[in-house]
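Here is a structure to read through by question and answer. Please look at the sequence and the model first.

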Amino acid sequence: MKVLVIYFSQSGNTRKVAHSIAEGAREAAEQVDVKSIKNVTYDMLENYDLIGLGSPVWKADPPNIRKFYKEAPDQNGKHIFSFCTHGTMPGFYFPVVLPNLKKAGFTVIGSRRWYGNVVMPGMPEPYYTAGHPDEIDLEEARGFGREMAERSRRIYEGETQLIPPMPENNVNQDQAVAIVNMLLEYGNPQGKIVRDPRKCIYPKCTRCMDNCTMDYIDLSADPQKFGSEGKCCNDNHECAWCFMICPTGAIRLEPDIMEHIKPFIGVRKPLFENILDEAEKNGEFRRLIPVEEVGFDTPYCLAHPKRPYFKVPAKPKED
Ligand SMILES: Cc1cc2nc3c(=O)[nH]c(=O)nc-3n(C[C@H](O)[C@H](O)[C@H](O)COP(=O)(O)O)c2cc1C
């Protein structure tokens, strides 16, 4: 059995989970490889019996995951499992992604999600899910990886009753309303992402280009390509990563980030707290920091006011 675990990860949570899943899968499969989605081609899939596909939740799925299944050639029943990491509202991910994987011809043999810390300009710092994924999550991920490899082998051997039914579409009402409202807002709710070439030190720094989810930035092109000058960053559902990681302040949000954050301070508090209280009661959420310590009045960019807001290596560590 050969397994390929593919992931997208912006702030590192999904990457950790992907590697733990792979570790577990190695206990039940001869070969297990891990690759960032950026480095995967459809031809590669042909060399594997089982694919894992992991991503952060961005309302539903980020545009690179969407592109992966929408453009995939028919997979003729190849086994796949799906996993994600998320903050408070994971509800739309599997209902959107799993039927689309099926449509691309995959047989979906399992799915699992984990809480992860949230790093976004206007979100509380620390966030409710700070500390996740922790060692307990990663141990669960190892168990899930082993289970998926074992299940896949048994299904190929004929035990087709092990293929799970598609999960029910039981999205929590609060999450559904909040997410639909956000999606109905025109454009990227983080604001317009603007680049000032005078403050940019390209080619000494290529962080925004190297880390853009969808290769929307190409400063080597003539004229230079910067995604937000068109409308194409809007499909990223609040992505502002280039702004977060730019070391010089050449990338900013309009309106200004502090002005932009102010109206949101405290606004989503009851919504998030109700959803997480319920998840904790159901045994889905393990709280690692007490609710009183959540930084609702200190959004991420206020808590980390120095540029870059989030440090990424000059050359990304990619699988
Ligand atoms: C653009 C963006 C949108 C997000 N949308 C959601 C969301 O709708 N629901 C949720 O629970 N978490 C959301 N999050 C939080 C991430 O899913 C969470 O932090 C995840 O663990 C990040 O994974 P990564 O570190 O692998 O990038 C969002 C994060 C970003 C950056």
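The questions below go through the ligand site, the open pockets and the backbone of this predicted model.

Q: In which space does the ligand sit?
A: The model has four cavities of 30 Å³ or more. The ligand sits in the largest cavity.

Q: How much of the ligand's exposed area does the protein bury?
A: The side chain of Ser9 has an N or O atom 2.6 Å from an oxygen atom of the ligand. Taken alone, the ligand exposes 640 Å². The share of this area that the protein buries is 95%.

Q: Which residue places a backbone N or O atom 2.8 Å from an oxygen atom of the ligand?
A: A polar contact is a pair of N or O atoms within 3.5 Å. Ser11 has an N or O atom in its side chain at 2.5 Å from an oxygen atom of the ligand. The backbone N or O atom at 2.8 Å from a ligand oxygen belongs to Asn13.

Q: How many residues surround the ligand?
A: Helix 1 (13-25) and strand 4 (79-86) each supply at least two residues of the shell. By class, the shell has eight nonpolar, 14 polar and two charged residues. The closest residues are Ser9, Gln10, Ser11, Thr14 and Thr85, and the number that surround the ligand is 24.

Q: Which residues lie nearest the centre of the largest cavity?
A: Elements that each supply at least two residues of this lining are helix 1, strand 4, helix 6 (173-184) and helix 8 (241-245). The lining has 18 nonpolar, 14 polar and three charged residues. Of its 35 residues, those nearest the centre are Val57, Trp58, Gly87, Val118 and Met120.

Q: Which element gives the most residues to the lining of the largest pocket?
A: The largest pocket holds about 770 Å³ of space. Helix 4 (93-103), strand 5 (107-115), helix 5 (135-156) and helix 10 (269-281) are the elements that give two or more residues to its lining. The most, five residues, come from strand 5.

Q: How many charged residues are in the lining of the largest pocket?
A: This pocket is lined by 28 residues, and His86, Pro90, Arg113, Tyr115 and Glu284 lie nearest its centre. The lining divides into ten nonpolar and ten polar residues, and the charged ones number eight.

Q: Which element gives the most residues to the lining of the second largest pocket?
A: The volume of the second largest pocket is about 590 Å³. Its lining has 25 residues, and the closest to its centre are Ser9, Gln10, Arg15, Asn211 and Lys317. Two elements give two or more residues, helix 1 and helix 7 (207-211). The most, three residues, come from helix 1.

Q: Which residue is joined to Pro126 by a cis peptide bond?
A: Most peptide bonds are trans. Pro126 lies in the loop between strand 5 and helix 5. The cis bond to Pro126 has an omega of about 0°, and the residue it joins to Pro126 is Glu125.

Q: What is the value of omega for the peptide bond from His132 to Pro133?
A: Pro133 is found in the loop between strand 5 and helix 5. The bond from His132 to Pro133 is cis, and its omega is near -5°.

Q: Where does Lys59 lie?
A: Most residues other than glycine have a negative phi. Lys59 has a positive phi, near 60°. Lys59 lies in the loop between strand 3 (50-56) and helix 3 (63-70).

How values were computed. Residues are numbered from 1 along each chain as its sequence is written. This is a predicted model: local features need pLDDT of at least 70, side-chain atom pairs count only at pLDDT 80 or more; totals for chains, interfaces and linings use all residues. Side-chain values use heavy atoms; hydrogens and water are left out. A residue is near a molecule or strand if one of its heavy atoms lies within 4 Å of it. A polar contact is a pair of N or O atoms within 3.5 Å; within protein, one must be able to donate a hydrogen and the other to accept it, and residues adjacent in sequence count only if both atoms are side-chain atoms. Accessible areas come from the Shrake-Rupley method with a 1.4 Å probe; for residues, only the protein chains shown count as cover. On a 1 Å grid over the protein atoms alone, a cavity is a set of points where a 1.4 Å probe fits but cannot get out, and a pocket is an open set with protein on both sides within 12 Å along at least five of seven lines; lining residues have an atom within 4 Å of a point. A molecule sits in a cavity or pocket if more than half of its atoms lie within 2 Å of its grid points. Helices (H or I, at least four residues) and strands (E, at least two) are DSSP runs, numbered from the N terminus. Ala, Val, Leu, Ile, Met, Phe, Trp, Tyr, Cys and Pro count as nonpolar, Asp, Glu, Lys and Arg as charged, and the others, Gly among them, as polar. Grid points are joined across faces, edges and corners, and a volume is the space filled by probe spheres set on the points.
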